Amino acid sequence: AKAAKLPMPAAIKKPNIVKATGTVEVAFSPHGGGAGIIIKAVSEAKKNIRVQAYSFTNADIAKALVDASKKGVEVRIVLDKSQETEKYSSATFFVNAGLPVRIDDDFAIAHSKVMILDEETVVTGSFNFTKAAEEKNGENVLVLRGNKELAAMYLQNWQWRWDASESYKRPAGQ
(Lines give C-alpha, C1' and ligand atoms only; values in the text may rest on other atoms or scores of the structure.)
Protein backbone atom coordinates (compact mmCIF):
# COMPACT_ATOMS: atom_id res chain seq x y z
CA ALA A 1 0.00 0.00 0.00
CA LYS A 2 1.31 3.42 -0.92
CA ALA A 3 1.48 6.21 1.62
CA ALA A 4 -1.19 8.90 1.60
CA LYS A 5 -0.14 12.16 -0.07
CA LEU A 6 -0.87 14.13 3.10
CA PRO A 7 -0.61 12.91 6.70
CA MET A 8 -3.84 12.25 8.55
CA PRO A 9 -4.66 15.11 10.96
CA ALA A 10 -3.46 14.25 14.49
CA ALA A 11 -6.91 14.82 16.02
CA ILE A 12 -8.41 11.97 13.99
CA LYS A 13 -5.40 9.68 13.86
CA LYS A 14 -6.60 7.96 17.03
CA PRO A 15 -9.93 6.71 18.32
CA ASN A 16 -12.01 9.48 19.87
CA ILE A 17 -14.96 9.53 22.22
CA VAL A 18 -17.64 12.05 21.32
CA LYS A 19 -20.46 12.88 23.71
CA ALA A 20 -23.79 11.59 22.45
CA THR A 21 -26.14 14.43 21.63
CA GLY A 22 -28.79 15.21 19.05
CA THR A 23 -30.90 12.60 17.29
CA VAL A 24 -30.22 9.41 15.38
CA GLU A 25 -32.35 8.33 12.44
CA VAL A 26 -31.66 4.80 11.19
CA ALA A 27 -32.79 2.75 8.19
CA PHE A 28 -31.94 -0.69 6.87
CA SER A 29 -32.19 -2.19 3.42
CA PRO A 30 -33.27 -3.60 1.14
CA HIS A 31 -36.38 -1.44 0.78
CA GLY A 32 -36.18 0.04 4.28
CA GLY A 33 -36.05 3.71 3.37
CA GLY A 34 -32.30 4.34 3.43
CA ALA A 35 -32.27 6.45 0.29
CA GLY A 36 -35.29 8.37 1.58
CA ILE A 37 -33.68 9.47 4.84
CA ILE A 38 -30.53 10.51 2.96
CA ILE A 39 -32.58 12.59 0.50
CA LYS A 40 -34.51 14.12 3.42
CA ALA A 41 -31.26 15.07 5.19
CA VAL A 42 -29.84 16.60 1.99
CA SER A 43 -33.04 18.63 1.51
CA GLU A 44 -32.67 20.02 5.07
CA ALA A 45 -29.16 21.44 4.43
CA LYS A 46 -28.99 25.22 4.42
CA LYS A 47 -25.26 26.08 3.97
CA ASN A 48 -23.07 23.21 2.83
CA ILE A 49 -22.80 19.51 2.13
CA ARG A 50 -19.54 17.56 2.02
CA VAL A 51 -19.68 14.10 0.42
CA GLN A 52 -17.27 11.16 0.44
CA ALA A 53 -18.39 8.19 -1.61
CA TYR A 54 -16.98 5.03 -3.09
CA SER A 55 -19.76 4.41 -5.58
CA PHE A 56 -22.65 6.67 -6.49
CA THR A 57 -25.38 5.36 -8.76
CA ASN A 58 -28.58 6.38 -6.96
CA ALA A 59 -30.09 8.97 -9.29
CA ASP A 60 -32.50 10.29 -6.64
CA ILE A 61 -29.71 11.01 -4.13
CA ALA A 62 -27.57 12.57 -6.88
CA LYS A 63 -30.51 14.75 -7.96
CA ALA A 64 -31.09 15.83 -4.34
CA LEU A 65 -27.48 17.05 -4.15
CA VAL A 66 -27.84 18.99 -7.42
CA ASP A 67 -31.15 20.44 -6.22
CA ALA A 68 -29.51 21.53 -2.95
CA SER A 69 -26.78 23.27 -4.95
CA LYS A 70 -29.41 25.07 -7.03
CA LYS A 71 -30.92 26.38 -3.76
CA GLY A 72 -27.56 27.91 -2.81
CA VAL A 73 -26.14 25.10 -0.67
CA GLU A 74 -22.41 24.64 -1.33
CA VAL A 75 -21.89 20.98 -2.31
CA ARG A 76 -18.43 19.42 -2.67
CA ILE A 77 -17.81 15.77 -3.47
CA VAL A 78 -14.86 13.38 -3.07
CA LEU A 79 -15.18 10.10 -5.01
CA ASP A 80 -13.09 6.97 -5.36
CA LYS A 81 -10.78 6.62 -8.37
CA SER A 82 -13.07 3.92 -9.83
CA GLN A 83 -15.32 6.79 -10.94
CA GLU A 84 -12.62 7.90 -13.41
CA THR A 85 -12.78 4.68 -15.39
CA GLU A 86 -16.55 4.54 -15.88
CA LYS A 87 -17.77 5.68 -19.31
CA TYR A 88 -20.33 8.06 -17.77
CA SER A 89 -19.93 8.14 -14.00
CA SER A 90 -21.48 10.05 -11.16
CA ALA A 91 -18.37 12.25 -11.32
CA THR A 92 -19.28 13.27 -14.85
CA PHE A 93 -22.91 13.84 -13.84
CA PHE A 94 -21.94 16.10 -10.92
CA VAL A 95 -19.34 18.07 -12.89
CA ASN A 96 -21.85 18.58 -15.72
CA ALA A 97 -24.23 19.96 -13.06
CA GLY A 98 -21.55 22.42 -11.91
CA LEU A 99 -20.54 20.70 -8.66
CA PRO A 100 -16.85 20.45 -7.71
CA VAL A 101 -15.66 16.85 -7.66
CA ARG A 102 -12.30 15.47 -6.63
CA ILE A 103 -10.95 11.96 -7.05
CA ASP A 104 -9.27 10.24 -4.09
CA ASP A 105 -6.65 7.82 -5.41
CA ASP A 106 -4.51 7.47 -2.27
CA PHE A 107 -5.87 4.09 -1.21
CA ALA A 108 -6.81 0.73 -2.72
CA ILE A 109 -10.36 2.07 -2.50
CA ALA A 110 -11.74 5.24 -0.95
CA HIS A 111 -14.60 3.37 0.69
CA SER A 112 -16.27 6.05 2.83
CA LYS A 113 -20.00 6.60 2.58
CA VAL A 114 -20.37 9.91 4.35
CA MET A 115 -22.12 13.25 4.07
CA ILE A 116 -21.56 16.15 6.46
CA LEU A 117 -24.34 18.73 6.33
CA ASP A 118 -24.10 22.25 7.78
CA GLU A 119 -21.31 21.16 10.17
CA GLU A 120 -23.83 19.46 12.45
CA THR A 121 -25.38 16.46 10.68
CA VAL A 122 -23.51 13.32 9.62
CA VAL A 123 -24.88 10.66 7.26
CA THR A 124 -22.91 7.42 7.43
CA GLY A 125 -23.16 3.64 7.49
CA SER A 126 -22.54 0.79 5.10
CA PHE A 127 -25.05 2.24 2.62
CA ASN A 128 -23.31 3.19 -0.63
CA PHE A 129 -25.18 5.91 -2.47
CA THR A 130 -26.35 3.35 -5.02
CA LYS A 131 -29.56 1.85 -6.32
CA ALA A 132 -28.35 -1.61 -5.23
CA ALA A 133 -27.90 -0.42 -1.63
CA GLU A 134 -31.59 0.49 -1.51
CA GLU A 135 -33.02 -2.39 -3.52
CA LYS A 136 -30.74 -5.45 -3.31
CA ASN A 137 -28.19 -5.25 -0.49
CA GLY A 138 -28.39 -5.68 3.27
CA GLU A 139 -27.21 -2.22 4.37
CA ASN A 140 -27.62 0.36 7.11
CA VAL A 141 -27.58 4.14 7.19
CA LEU A 142 -27.52 6.56 10.11
CA VAL A 143 -28.41 10.25 10.04
CA LEU A 144 -26.86 11.80 13.15
CA ARG A 145 -28.32 15.29 13.63
CA GLY A 146 -27.30 17.97 16.10
CA ASN A 147 -23.84 16.74 17.10
CA LYS A 148 -21.39 19.44 16.08
CA GLU A 149 -18.41 17.73 17.74
CA LEU A 150 -18.98 14.53 15.77
CA ALA A 151 -19.59 16.48 12.57
CA ALA A 152 -16.33 18.39 13.13
CA MET A 153 -14.38 15.12 13.30
CA TYR A 154 -15.95 13.86 10.09
CA LEU A 155 -15.31 17.25 8.50
CA GLN A 156 -11.61 17.01 9.40
CA ASN A 157 -11.44 13.64 7.67
CA TRP A 158 -13.35 14.97 4.66
CA GLN A 159 -11.04 18.01 4.39
CA TRP A 160 -7.96 15.77 4.60
CA ARG A 161 -9.27 13.71 1.67
CA TRP A 162 -10.38 16.82 -0.30
CA ASP A 163 -6.95 18.41 0.08
CA ALA A 164 -5.18 15.20 -1.01
CA SER A 165 -7.43 14.61 -4.03
CA GLU A 166 -7.27 15.89 -7.60
CA SER A 167 -10.07 17.66 -9.46
CA TYR A 168 -12.03 15.29 -11.68
CA LYS A 169 -11.26 15.74 -15.37
CA ARG A 170 -14.25 14.86 -17.47
CA PRO A 171 -13.36 12.57 -20.41
CA ALA A 172 -13.37 14.29 -23.82
CA GLY A 173 -16.82 14.45 -25.39
CA GLN A 174 -18.77 14.19 -22.13
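Where is the place of Trp162? Please tell me about its surroundings too.

Author: Happy to! A word on the model comes before the tour. This is a predicted model, in which local features need pLDDT of at least 70 and side-chain atom pairs count only at pLDDT 80 or more, while totals for chains, interfaces and linings use all residues. Residues are numbered from 1 along each chain as its sequence is written, and side-chain values use heavy atoms, with hydrogens and water left out.

Trp162 has its place in helix α6, which covers residues 148-164. Helices here are DSSP runs of H or I with at least four residues, strands are runs of E with at least two, and both are numbered from the N terminus. Trp162 is buried, at a relative accessible area of 5%. Buried means under 20% relative accessible area, exposed means over 50%, and partly exposed is in between, with a 1.4 Å probe and protein chains only.

What surrounds Trp162? Leaving aside neighbours within four places in sequence, Trp162 is in contact with Arg76, Ile77, Val78, Pro100 and Arg102; contact means heavy atoms within 4.5 Å. Ile77 is 85 residues away from Trp162 along the chain, yet their C-alpha atoms are separated by 8.2 Å.

Now look at Arg161, which also lies in helix α6. The side chain of Arg161 meets that of Asp104 in a salt bridge (2.7 Å, N to O). A salt bridge is a side-chain nitrogen of Lys or Arg within 4 Å of a carboxyl oxygen of Asp or Glu. Asp104 lies in strand β4, so this pair ties together parts that are 57 residues apart in sequence. Arg161 is buried, with a relative accessible area of 2%, and Asp104 is buried with 2% as well.

The story goes on from there. Arg161 and Asp104 belong to a network of salt bridges that also links Lys5, Asp105 and Asp106. Within it, the side chains of Asp106 and Lys5 meet at 3.0 Å, N to O. Asp106 sits in the loop between β4 and β5 and Lys5 in the segment before β1, 101 residues apart. Asp106 is buried, at 1% relative accessible area, whereas Lys5 is partly exposed, at 43%.

Finally, follow strand β4, residues 101-104, to its partner: β4 and β8 pair in the antiparallel sense over 2 bridges. Two strands pair if DSSP finds at least two bridges between them. Ile103 has Glu166 in β8 as its bridge partner.
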